[in-house]
Amino acid sequence: RSEPTWVTSLKELELSTGRELSTAYYYSTALHWSLTQFTPGSMEVVPRNDLERFFAVGTLLSGLILFSSLVSSITSAMTALRARNFERFRQHTLVNRYLSERR
């Protein structure tokens with residue numbers, strides 16, 4: 001007997017309710033689960049064996065890396081903008097000083 005997975009749990013749900021779940025339901029469940037890995041949302045689909053647990057951890061690490069990369073890019077852009085604005089302010093101050101000394 002193979003280890004239980006979230007798919008086998010859904011198959012058991014099909015058997016217990018007597019209603020067949022569509023392929024779209026399986027895909028939407030997988031999409032919902034993947035989105036909850038990146039947000040504080042909750043999901044009743046949880047890893048049930050080692051392979052699913054490693055996949056969940058890999059997904060979380062991928063999300064962490066992608067989110068960190070996004071934050072890093074935004075921080076870099078903001079730092080460059082701040083440096084450019086500071087240089088403009090410095091030049092404006094020098095021009096004002098020059099003009100006030102030459103009056």
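Thr 59 is located in helix H3, where helices are DSSP runs of H or I with at least four residues, numbered from the N terminus. The structure is a predicted model, in which local features need pLDDT of at least 70 and side-chain atom pairs count only at pLDDT 80 or more, while totals for chains, interfaces and linings use all residues. Residues are numbered from 1 along each chain as its sequence is written, and side-chain values use heavy atoms, with hydrogens and water left out.

With a relative accessible area of 12%, Thr 59 is buried (buried means under 20%, exposed over 50% and partly exposed in between, for a 1.4 Å probe and protein chains only). When neighbours within four places in sequence are set aside, Thr 59 is in contact with Trp 33, Gln 37 and Phe 38, contact meaning heavy atoms within 4.5 Å.

A pair of aromatic rings is described by the distance of the centres and the angle of the planes. Rings of Phe, Tyr and Trp (its six-membered ring) pair if their centres lie within 6.5 Å; planes under 30 degrees apart count as stacked, over 60 as edge-to-face and the rest as tilted. The count by this rule is one aromatic pair. This pair, Trp 33 with Phe 55, is stacked, at 5.8 Å centre to centre and 25 degrees between the planes. Because Trp 33 lies in helix H2 and Phe 55 in helix H3 (residues 50-101), the pair ties together parts that are 22 residues apart in sequence. Trp 33 is buried, at a relative accessible area of 12%, whereas Phe 55 is exposed, at 55%.

Helix H2 (residues 23-36) also packs with helix H1 (residues 6-17), at an angle of about 135 degrees and with the axes 12 Å apart. Axes are lines fitted to C-alpha atoms, for helices over the stretch in contact, and angles run from 0 to 180 degrees between N-to-C directions. H1 and H2 are therefore oblique to each other, since angles under 35 degrees count as roughly parallel, over 145 as roughly antiparallel, 65 to 115 as roughly perpendicular and the rest as oblique. On the H1 side, Trp 6, Val 7, Leu 10, Lys 11 and Glu 14 meet Tyr 25, Tyr 26, Thr 29 and Ala 30 of H2.

Thr 17 belongs to helix H1 and is partly exposed, at 47% relative accessibility. Between the C-alpha atoms of Thr 17 and Phe 38, which are 21 residues apart along the chain, the separation is 31 Å.

Conventions. Helices (H or I, at least four residues) and strands (E, at least two) are DSSP runs, numbered from the N terminus.
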